[in-house]
Amino acid sequence: MRRYSFRVLAGSLLLASFGWSAPGGAQEVPPGYPVRPIRIIVSSVPGGGLDLICRSVGQMLAERLGQSVIVDNRTGGGTVVATEIAARAAPDGYTFFAGTDTLRVVGITKRVAFDVRTDVRSGRADGRAALYLIVNPTLPVKNVKDLIAYSMNQPLYYGSSGVGTVAHLGLEYLTAKSGARFVHVPYKGGAQSLLALLGGEIQMYPGLLLSAGAAVKTGKARPLAALSLHAYPGTPRRADRRRAGISRLQDHEQLRAFRAGGHAPGYRQCDESPTSVNS
Amino acid sequence: MNSPQMAQKLTAEGSQAAERMTPAEFKALFAREYDEVERQIRQIKVKIY
């Protein structure tokens, strides 16, 4: 079995509170913050893995801060649309951006007018979500090795939430290294890719169990392999990397949060010191 | 993200909260991975347009 290794990207939970920035890098929380609703601009469609996490985070934030948190889905352009909207937002601590590590690809390919390495001035990793290679259960393969061999006779189509996303690059890497005939079909979001998989339009979908869990549990979709190097709790036994025939394909989603501009005191305090939020 | 409720939710779906790190640590990690991914994108010659 060949060994594949792809140090990837991930989905970032990128909270950009283009907030106020105090001198010397110290962050000050304005009195009474927050005095109005907080907006989280999410780069994924409603129902996607990132969206689901953001809604949970938003709900927790709202309960802790006593202020509404609005999840604002802005899809398109493989994260570019949401990134630009967030970058133009007022630096007042009321606008956050939640995206994926696709942001890194957006920066690398210079699809935005700013440098994501410098303009996003601070951040933190908030979570990791394993990326699974989920297939239509009618596909007569037991592991990735079978999958690659099967594609030699007929091309297999896989969906993603857009060009330049983690899922796209991960599968392109596997395609390049294995010689498989995998064809990319970009959709507007992960949820649409999953629907296409269930409808038989595509045969594969590299995605999160967060969004595909229900389909997997009902047998309408099958996680063929966990693409992450890291062993996540809850990984289906048959999707274990070794069983699936992947030894070192490292392709995971890392949910991260960071802010461009100033700090997001509400989120920061929630994350680091929950008891201090309302004090 | 590190609250017990969120940890439980993520674990149930094959995910988990990330290790905690400071903004500076995150920025350094982001920069390292940026360079690595940039190299790999060039390697596989995938068109992202």
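Tutor: Here is a walk from the whole chain to the aromatic rings and then to a few other places.

This is a predicted model, in which local features need pLDDT of at least 70, side-chain atom pairs count only at pLDDT 80 or more, and totals for chains, interfaces and linings use all residues. Residues are numbered from 1 along each chain as its sequence is written, chains are lettered from A and ligands numbered from 1 in the order in which they are written, and side-chain values use heavy atoms, with hydrogens and water left out.

Let us start with the setting. Chain A has 10 helices and 10 strands; helices (H or I, at least four residues) and strands (E, at least two) are DSSP runs, numbered from the N terminus. Of the 279 residues in chain A, 61% are buried. Buried means under 20% relative accessible area, exposed means over 50%, and partly exposed is in between, with a 1.4 Å probe and protein chains only.

Now to the rings. A search of the whole structure turns up one aromatic pair over all chains. A:Tyr33 and A:Tyr94 form this pair, which is tilted, with 5.0 Å centre to centre and 50° between the planes. The pair ties together parts that are 61 residues apart in sequence, because A:Tyr33 lies in the segment before β1 of chain A and A:Tyr94 in the loop between α2 (80-88) and β3 (95-98) of chain A. As for the term, rings of Phe, Tyr and Trp (its six-membered ring) pair if their centres lie within 6.5 Å; planes under 30 degrees apart count as stacked, over 60 as edge-to-face and the rest as tilted.

A:Arg36 lies over the face of A:Tyr94, at 4.0 Å from the ring centre. A charge sits over a ring if NZ of Lys or CZ of Arg is within 6 Å of the ring centre and within 35 degrees of the ring normal.

Next, follow the chain on from A:Tyr33. A cis peptide bond joins A:Tyr33 to A:Pro34, with omega about -5°. A:Pro34 lies in the segment before β1 (38-42) of chain A.

The side chain of A:Asn73 makes a polar contact with the side chain of A:Arg55 at 2.9 Å, and a polar atom of the A:Asn73 side chain lies 2.8 Å from the backbone oxygen of A:Ser44. A polar contact is a pair of N or O atoms within 3.5 Å; within protein, one must be able to donate a hydrogen and the other to accept it, and residues adjacent in sequence count only if both atoms are side-chain atoms.

Last, find A:Ala212 in helix α8 (residues 209-217) of chain A. A:Ala212 is buried, with a relative accessible area of 0%. A:Ala212 and A:Gly48 are 164 residues apart in sequence and 8.7 Å apart in space, C-alpha to C-alpha.
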